[in-house]
Amino acid sequence: MLASCGASLSVKAGNDRSAKVQFGMELGKVFASTFEDIAQNTGANDFDLFSEKEISSAFNGSDFKDVKVSVPSKTSLSVSGTVPPSEKQKAVSNEGSLKIANFVLCTDSSLTLIISPESVKGLSAQFPQESREFLDLFMAPVLTDEKMSIPEYLDLVASVYGDDIAGEIKNASISVSLECPSGKNIKKTSLSNAASSKTGSSKTTFAIPLADFLCLDLTRVFSISW
């Protein structure tokens, strides 16, 4: 993980239709070096892509409960929290009207992760300014509304940042796990053509290539039922 860019998302359903969410990410060495150079060229003395204080404050007043934000290093981030049942939700952050159920929906017998261009863009608009500036560096079509194939996007990244970063994005992936409530077993999965999927008795794990996510142009739905 320290040698390349990667992220992980873990969601475990609760018997009360709540869910526990854990997200983590680690930037690769090439990313870290490049973004540090950008920060220095813009006059920034400190290189801090993630601010524990700002990210924590973004969840104030939101539906996420027991939120814990950790920034173990300048290039890594960990966020965890509990999602209430959909009928008890109001907003995913203290700004905007998106609900967590737009992304994660837990019912009495299923857990669903929904990723759409509209919701990803809407969520990013509610991030702290520092986080939005970091996301802008990726020039992701899912955020810019520019129609672009994955090869075209990787060529764009290579032309701006170099082949090494384009290679890191091409090889990176988001590892996702969906887990049943305690005491339940998976009966069915629907993983929207996910890569490298593996399903056990109570948890399924799969990968979403980072380039696929950054160039997302259609809604993708991943779910388990028990």
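**Exercise 1.** How many residues lie between S5 and S6 in the hairpin that they form?

*Solution.* This is a predicted model, in which local features need pLDDT of at least 70 and side-chain atom pairs count only at pLDDT 80 or more, while totals for chains, interfaces and linings use all residues. Residues are numbered from 1 along each chain as its sequence is written, and side-chain values use heavy atoms, with hydrogens and water left out. Strands are DSSP runs (E, at least two residues), numbered from the N terminus, and two of them pair if DSSP finds at least two bridges between them. Strand S5 (residues 104-106) is joined to S6 by three bridges in the antiparallel sense, with Leu105 having Thr112 of S6 as its bridge partner. The hairpin of S5 and S6 has three residues between the strands.

**Exercise 2.** Which strands stand at the edges of the seven-stranded open sheet?

*Solution.* The order is S3-S4-S2-S1-S7-S10-S9, with mixed pairing. S3 (65-70) and S9 (195-199) stand at the edges, and because each has a single partner strand, one side of each is left without a neighbour in the sheet. S9 runs antiparallel to S10 (residues 203-209), joined by three bridges, and Ala195 stands opposite Ala207 in S10.

Methods
Helix = DSSP H or I, 4+ residues; strand = E, 2+ residues; numbered from the N terminus.
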